[in-house]
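Thanks for coming. Please look at the display before I start.

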Amino acid sequence: MPMEATILHEPADPDGLVVASLAGELDLDRADDVRDALATIAADPACRYLRIDVAGLDFIDSYGLGALVSARNTAAAHGVSFTLAKPSPPVQKAIEVTGLGHVFGL
């Protein structure tokens, strides 16, 4: 049985950095929820930098990548820098295949 993507984050530090962690599988079933959660975090006035730790993602599909791109665009609209950190092998491969590394600061 697939593990749905979960997202955890701490409040912004004094510099405005929020680190969120994704784990499980980010696919069609969870993409909208993850996108919306990241957009909500980015909309917080205390957030200036949003770093997404994706080391715990076991799987990502095109919907999951689309959710991350959308969240990145929403963050940019709020003046928030959005980056991915520690991509797991499946995430790294998906980013390389799609050429999205520059979008996510990788």
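Is R30 buried or exposed? R30 is buried, with a relative accessible area of 18%; buried means under 20% relative accessible area, exposed over 50%, and partly exposed in between, with a 1.4 Å probe and protein chains only.

A word on where this comes from. This is a predicted model, in which local features need pLDDT of at least 70 and side-chain atom pairs count only at pLDDT 80 or more, while totals for chains, interfaces and linings use all residues. Residues are numbered from 1 along each chain as its sequence is written, and side-chain values use heavy atoms, with hydrogens and water left out.

Now the salt bridges. The structure holds four of them, where a salt bridge is a side-chain nitrogen of Lys or Arg within 4 Å of a carboxyl oxygen of Asp or Glu.

One of them joins the side chains of R30 and D33, at 2.8 Å from N to O. Both residues lie in helix α1, residues 28–43, three residues apart, which is about one turn of the helix. Helices (H or I, at least four residues) and strands (E, at least two) are DSSP runs, numbered from the N terminus. D33, the partner of R30, is partly exposed, with a relative accessible area of 42%.

Another salt bridge pairs D32 with R35, at 3.0 Å from N to O. D32 and R35 are also in helix α1, again three residues apart, about one turn. D32 counts as partly exposed at 45% relative accessibility, and R35 counts as partly exposed at 26%.

What else does the side chain of R35 meet in a salt bridge? The side chain of D36, at 2.9 Å from N to O. D36 is partly exposed too, with a relative accessible area of 38%.

On to the strands. Strand β3, residues 49–60, and strand β4, residues 81–85, run parallel and are joined by five bridges; two strands pair if DSSP finds at least two bridges between them. In this pairing, L50 stands opposite F82 in β4.

Together β3, helix α2 (residues 62–77) and β4 make a right-handed β-α-β unit. A crossover is right-handed if, with the strands pointing away from the viewer, the path from the first strand over the helix to the second runs clockwise.
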